[in-house]
Amino acid sequence: FIQERALQLQQYLNKVAAHPTLRQGNPLRIFLTHQDLGASVEWFNMTTRIIAPVPSSPETPQRPPLAIASPGQSRDIGRFFKELRQTVVQSTAVTAVGGVLGLETPKPKVMEEDAAFLIEKDKVLRYEQELSAMSQKATKMLTLQQKFGEAVGEFGMECLKFARLQEEEGMRLGKYSENGMSCMTGANEMRKAGNTSVKASRLARTATSQTAQALEPLHDYLKLLPAVRKSVADRNEALLTLQTMLAEGDRLDARIAKLTPDLTKMRKVEELKFELERTRALGDQARTDYNEIQERHRDEFSRLEKERVVQFHEMMLSHARVQVANAERSLSLWRGLAEEFGASPAEWISPKAEPVDDGELS
């Protein structure tokens, strides 16, 4: 298990190192060069971004720097409930109820309007479903091919056992007698059939192993799709955070405007102003994260599709080559046996095949 896990980790690192963007980034450099990531300041600053505190007013104490969690990291409980409230406000059910009651529900200032991303998002889900089914069929095909090879080998062994019985019977009858010679001839033919079947079984076993290796890119790509879905979820999470911070900023602006005329609420107003600055800092960071994810998705989806087309082309070409090689070797093996048993080479000359209508295959 440990060796298999180490091999998988090495393959993952090789893929990361081959990525045109990730191989030049600091995360890979720090991961490979630092002995203790827990004690690395660079690693800590990279995984937990720090926003400098906004200037405090004379009436409010100094606040510590604000740590901003990246999409996918755990967030504080207050931010969680704010985003939950924003999700509820934007839900279809709340909008429908508000429309029935004549209440206007606030619409988010930022929406997902990238049509290309929405198409890619839907395509990823459909690809995963179809490739999962294809992977299952490939596994079934390999299982049946393996069983076929084992069955041919077992048939060959039974032929060899029966040949030995015939040979013993021929020796008992006298190998130079008519019945004895007949038994010896049958034993010799049965032995040839058994040896050929055992060889065919070995060919099938080799073809099964080569087919599994040829179809490996299918399973590798399928393993990648959960990470793609996670990336899409990070984008949705970043958008929700941005929408939440913008809505929270509007809410604080409204409260400040309402309380400002009341001189007895000045301290509360100052606290709200500080909270507003903090919210705007969070909003700016959320917008930066969202824009970065948008740009990264445009590049990554295009790169992923190009690599998939190339990899699947090579995969199907390799698969076809394996099947051709196996068919030719099997054909040569069985044809040789048939000709030894008296078949004429003219039998293998088949008439010119009629063209197949493509419409019949669709």
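## Charges over rings

The charged end of arginine 308 lies over the ring of phenylalanine 312, 5.4 Å from its centre; the criterion is CZ of Arg or NZ of Lys within 6 Å of the ring centre and within 35 degrees of the ring normal. Arginine 235 has its charged end over the ring of phenylalanine 117, 3.6 Å from the centre of that ring.

## Basis

This is a predicted model, in which local features need pLDDT of at least 70 and side-chain atom pairs count only at pLDDT 80 or more, while totals for chains, interfaces and linings use all residues. Residues are numbered from 1 along each chain as its sequence is written, and side-chain values use heavy atoms, without hydrogens and water.

## Aromatic pairs

The structure holds 2 aromatic pairs (ring centres of Phe, Tyr or the six-membered ring of Trp within 6.5 Å; planes under 30 degrees apart are stacked, over 60 edge-to-face, the rest tilted). The rings of phenylalanine 117 and phenylalanine 301 have centres 6.3 Å apart and planes at 50°, so this pair is tilted. Phenylalanine 117 lies in helix 6 (residues 115–173) and phenylalanine 301 in helix 9, so the pair ties together parts 184 residues apart in sequence; helices are DSSP runs of H or I, at least four residues, numbered from the N terminus.

For tyrosine 221 and phenylalanine 312, the ring centres are 5.6 Å apart and the planes at 75°, so the pair is edge-to-face. Tyrosine 221 belongs to helix 8 (residues 216–259) and phenylalanine 312 to helix 9, so parts 91 residues apart in sequence are tied together.

Methods
Helices (H or I, at least four residues) and strands (E, at least two) are DSSP runs, numbered from the N terminus.
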